[in-house]
Each structure stands twice: as structure tokens, then as C-alpha cells.
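Subject: Structure handover

Hello,

Here is the structure, with its sequence, for your files. My notes on what was found follow below.

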Amino acid sequence: MELAYPTALCLGLALALPEQRVYAVEGDGSLIAGMATLTTVARCAPPNLVVLVINNRSFASTGAQPTAEAGAADLVVIARGSGIA
């Protein structure tokens, strides 16, 4: 089973369970599709949330269509620009 937008879901868990470490494992395509989540993560800044992005260069939910060519979407730069340290 595939979970759409795991970072958004895990943000809710991290806020609801502040004593537990919460790990969001998300593909690069999913993060690109749900990029607005990054600004919410930055605003809430839960210290117990860890986001791990797997760069498989595909949108798995649409049949593994390729994401942008390498370097076209630097997710670290985008996250920092959203306010995530």
C-alpha cells in the first residue's frame, strides 16, 4: 500500500505525540507534488519530526513517471527556502 503525502500525515502525528520521534519517509515525486507541506512543517517546527526523502526520480503514484532531471528541483534548497533549518 502506498501512502500519499506521508510528511503531512507525520506532521500531524508529531504534533499529537510530542514525546515520540516520528519519521516520514517520502519519495521525491511525492514531496514535489505536495511541496506546500514544507512551509507548514517550518511553521510548526516539531522537534520530534524527521523527514527522509528517497530520490528515486519518479512519481510512484502515477505509475513511476520520471520527475525533473537531476538538479532541476533541489529539495534541500527548497526546504531551506521554506524555512526548514
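Notes on the predicted model

Leu-31 has a relative accessible area of 3%, so it is buried, the cut-off being under 20%. Please bear in mind that this is a predicted model. Leu-31 sits in helix α2, which covers residues 28-33. Setting aside neighbours within four places in sequence, Leu-31 makes contact with Thr-7, Glu-26, Leu-38, Val-53 and Leu-75. Between Leu-31 and Ala-8 the C-alpha to C-alpha distance is 9.8 Å, with 23 residues separating them in sequence.

Next, the core. The largest nonpolar core has seven residues: Cys-10, Leu-11, Ala-14, Val-22, Ala-24, Val-41 and Leu-49. At least two of its residues come from each of α1 (6-16) and β1 (22-27). The most are given by α1, with three residues. In soluble globular proteins, nonpolar side chains tend to be buried together. Val-22, one of the core residues, is in contact with Cys-10, Leu-13, Ala-14, Asn-48, Leu-49 and Val-50, again leaving out neighbours within four places in sequence.

That brings in Asn-48, which lies in the loop between α3 (36-44) and β2 (49-54). Is Asn-48 buried or exposed? Its relative accessibility is 8%, and because buried means under 20%, Asn-48 counts as buried. What does the side chain of Asn-48 reach? The backbone oxygen of Ala-14 lies 3.1 Å from that side chain. Not counting residues up to four places away in sequence, Asn-48 touches Ala-14, Leu-17, Pro-18, Gln-20, Arg-21 and Val-22.

Regards

Technical notes. Residues numbered from 1 in each chain as written. Predicted model: local features only at pLDDT ≥ 70, side-chain atom pairs only at ≥ 80, totals over all residues. Heavy atoms only, no water. Helix = DSSP H or I, 4+ residues; strand = E, 2+ residues; numbered from the N terminus. Buried < 20%, exposed > 50% of the residue type's maximum accessible area, 1.4 Å probe, protein only. Contact = heavy atoms within 4.5 Å. Polar contact = N/O pair within 3.5 Å; in protein donor to acceptor, adjacent residues only side chain to side chain. Core = buried A, V, L, I, M, F, W, Y, C linked by side-chain atoms within 4.5 Å.
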